[in-house]
Amino acid sequence: QVQLVESGGAVVQTGESLRLSCAASGSISRIHAMAWFRQAPGKEREFVAAIDWSGGHTYYSDSVKGRFTISIDNAKNTVYLQTTSLKPKDTAVYYCGADLEGTLDFGSWGQGTRLTVSS
C-alpha cells in the first residue's frame, strides 16, 4: 500500500506561481509512475501531468503544457507540480495518484490540496 499526502495549495492571484508537493510513503518500490489530476467544482477529475518514477519521462495535458512542470525527488519520495502563469480556470482541488501496476492506472490517491486563482 502507498500513502500520498499533497500540500502547497493556496489562494493566489492570476499570473502568479505556486509549487504543489506530494509525499509518498509505504510500498515505494511498487510505484511505476506518479501523476497530478485536478477536479474543479462541478466538473470531473482531469489529468494534469505525469512522470515515471525514474523521472525520465513526463507527460502534460494541453491545458497546462508550457505553464506547469512536474518533477520528482526520489531521495524524498516526493513529486512536485510547479505551476506558473496561473489562471482562474486552474482553480481546483489537485490530487496526486500513484501507478502501482505499470498500467498508467493511477488508482492510489491522496486527499487533495486546494488551489484557488482569483482574478
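In this predicted model, the largest nonpolar core has 29 residues, and M34, W36, L81 and Y94 make the most contacts inside it. Two or more residues of this core come from each of β1, β3, β4, β5, β7, β8, β9 and β11 (113-118).

**Strand β4 and its partners**

Strand β5 (residues 46-52) pairs with β4 in the antiparallel sense over 6 bridges. In this pairing, W36 stands opposite A49 of β5. The hairpin of β4 and β5 has 6 residues between the strands, and G42 takes a positive phi near 75 degrees there. β4 also pairs with strand β9 (residues 92-99), again in the antiparallel sense, over 7 bridges. Here A33 stands opposite D99 in β9.

A33 itself belongs to strand β4. With a relative accessible area of 7%, A33 is buried, since the cut-off for a buried residue is under 20%. Leaving aside residues up to four places away in sequence, A33 touches I51, D52, W53, G97, A98, D99 and F106. S54 is 21 residues from A33 in sequence, and the two are 8.2 Å apart in space, C-alpha to C-alpha.

**The open sheet**

An open sheet is formed by 4 strands in the order β1-β3-β8-β7, with antiparallel pairing. β1 (2-7) and β7 (68-73) stand at the edges with a single partner strand each, so one side of each is left without a neighbour in the sheet. From one strand to the next, the twist averages 15 degrees. Within the sheet, strand β3 (residues 18-26) and strand β8 (residues 78-83) pair over 6 bridges in the antiparallel sense. L20 has L81 in β8 as its bridge partner.

**The disulfide**

The structure holds 1 disulfide. It joins C22 to C96, with an S to S distance of 1.9 Å. The two cysteines link distant parts of the chain: C22 is in strand β3 and C96 in strand β9, 74 residues apart. The link of C22 and C96 is right-handed, with 50 degrees about the S-S bond. C22 and C96 are both buried.

**Aromatic pairs**

The count of aromatic pairs comes to 3.

| Pair | Centre distance | Plane angle | Arrangement |
|---|---|---|---|
| F37 and F47 | 5.6 Å | 75 degrees | edge-to-face |
| F37 and W109 | 5.0 Å | 85 degrees | edge-to-face |

F37 lies in strand β4 and F47 in strand β5, so their pair ties together parts that are 10 residues apart in sequence. W109 lies in strand β10 (residues 106-109), so its pair with F37, in strand β4, ties together parts that are 72 residues apart in sequence. F37 is buried, with a relative accessible area of 14%. F47, in contrast, counts as partly exposed at 30% relative accessibility, and W109 is partly exposed with a relative accessible area of 33%. Ring pairs link F37, F47, F106 and W109 into a cluster.

Note on methods
Residues numbered from 1 in each chain as written. Predicted model: local features only at pLDDT ≥ 70, side-chain atom pairs only at ≥ 80, totals over all residues. Heavy atoms only, no water. Pairing = 2+ DSSP bridges. Axes fitted to C-alpha atoms, helices over the stretch in contact; angles between N-to-C directions. Core = buried A, V, L, I, M, F, W, Y, C linked by side-chain atoms within 4.5 Å. Buried < 20%, exposed > 50% of the residue type's maximum accessible area, 1.4 Å probe, protein only. Disulfide = S-S within 2.5 Å. Contact = heavy atoms within 4.5 Å. Phe/Tyr/Trp six-rings, centres within 6.5 Å; stacked < 30°, edge-to-face > 60°.
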